[in-house]
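Here are a few exercises to work through with the model open in your viewer. Try each task before you read its solution.

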Amino acid sequence: MKQFKIFIDFAKEEQYLNSQAKKGCRFFKSSCLGFYHFVNEAPKDTNYRIDYRVFKNQYDFNNYVTMFEDSGWRHVYGTKYSGRQYFLPVRENAAEDIFSDITSKAQRYISFQRQCIVSLVLLSVYSYITIKPLNSPIFLTPGLWEKQGSSFWLAFLIELPFALMRVLPMFLFLAAAIFNGCLAIMARRSYKRFLAETKEQHS
Amino acid sequence: MNLTKYLPLTETTLYIMLALTQPAHGYYIMQKAEELSGGRVRIAAGTMYGALENLLSQKLIENVPSTDARRKLYRISETGKEVLRLEIERLRHIITVAGTIGF
């Protein structure tokens with residue numbers, strides 16, 4: 001089974017995975033576009049924990065995963081570039097959480113925000129590069145706009161797919177850039193909300 | 001270089017750096033910190049990894065070649081040792097002063 005969801009707040013995402021497991025849907029994979037993959041299993045009480053980290057190489061990633069495994073956490077899903085890293089406790093004596101202080105727990109929102117800003121910058125550069133064709137005509141058929149009636153429509157429709165292909169990448173990159181900008185802003189908000197809530201709990 | 005900018009160290013950082021006077025991998029540092037603190041400081045895996053990354057970027061610790069393909073070895077750097085010395089000196093001063101006042 002697949003479900004489409006977008007989470008900014010890691011705490012809500014953890015709750016979602018736990019409630020799915022309670023319904024008998026075991027999470028095993030998430031794909032970058034926001035799809036969560038589940039297999040049917042007996043309902044279970046779980047304690048999913050999510051970290052956000054991107055790794056430079058496979059060695060760094062393996063070292064990270066092993067550190068968790070050694071201390072009683074199973075790495076359920078995540079790749080070196082996926083950012084989100086999902087864990088489940090496997091040992092009886094595993095700690096309650098993968099974080100033991102508030103600062104490091106809040107840091108995952110900052111890491112996520114940073115990654116969104118990196119994507120935003122990259123996508124803006126891509127859309128700037130692909131904007132170039134807009135300085136030149138989008139339709140290249142000579143004398144297209146002077147044509148009349150059916151010969152105009154024929155030439156227009158023949159070239160339309162190619163004309164769209166010339167401008168579409170720019171719009172897609174632009175839309176993706178804006179989307180990442182929104183994610184970055186919401187990640188910042190989640191970070192602030194998390195700090196405010198934990199402060200409230202401790203006072 | 002002005003090393004006092006790293007002070008004061010958090011309790012977690014202090015125990016990690018003390019544990020790293022010997023080369024060690026992540027999980028071993030977690031156990032060692034717990035042991036050195038008499039069971040009081042229990043560092044969870046995510047917090048541990050973040051702390052090691054921070055200390056590496058501040059060059060207070062460094063990686064040493066490891067024979068284990070899945071576990072990196074960490075060790076305190078020369079700068080780290082100097083910072084640790086300054087911090088212990090600072091703490092020692094507090095303890096001495098507190099003693100003269102009756103605590």
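**Exercise 1.** Find which strands helix α1 of chain A lies across.

*Solution.* Start at residues 10–22 of chain A, which form α1. This helix lies across β4 and β6 of chain A and runs at about 135° to β4(A). Angles run from 0 to 180 degrees between N-to-C directions, with axes fitted to C-alpha atoms, for helices over the stretch in contact (heavy atoms within 4.5 Å). Helices (H or I, at least four residues) and strands (E, at least two) are DSSP runs, numbered from the N terminus.

The model is predicted: local features need pLDDT of at least 70 and side-chain atom pairs 80 or more, while totals for chains, interfaces and linings use all residues. Residues are numbered from 1 along each chain as written, chains are lettered from A and ligands numbered from 1 in written order, and side-chain values use heavy atoms, without hydrogens and water.

**Exercise 2.** Work out the strand order of the open three-stranded sheet in chain A.

*Solution.* The order is β4-β6-β5, with antiparallel pairing (at least two DSSP bridges between two strands). Next, look at the edges: β4 (49–53) and β5 (73–77) each have a single partner strand, so one side of each lacks a neighbour in the sheet. Then follow β5(A) to β6 (residues 83–89) of chain A, where four bridges join them. In β6(A), A:Y86 is the bridge partner of A:Y77. Finally, the twist averages 35° from one strand to the next.

**Exercise 3.** List the residues that B:L52 touches, leaving out those up to four places away in sequence.

*Solution.* In chain A, pick out A:M67.
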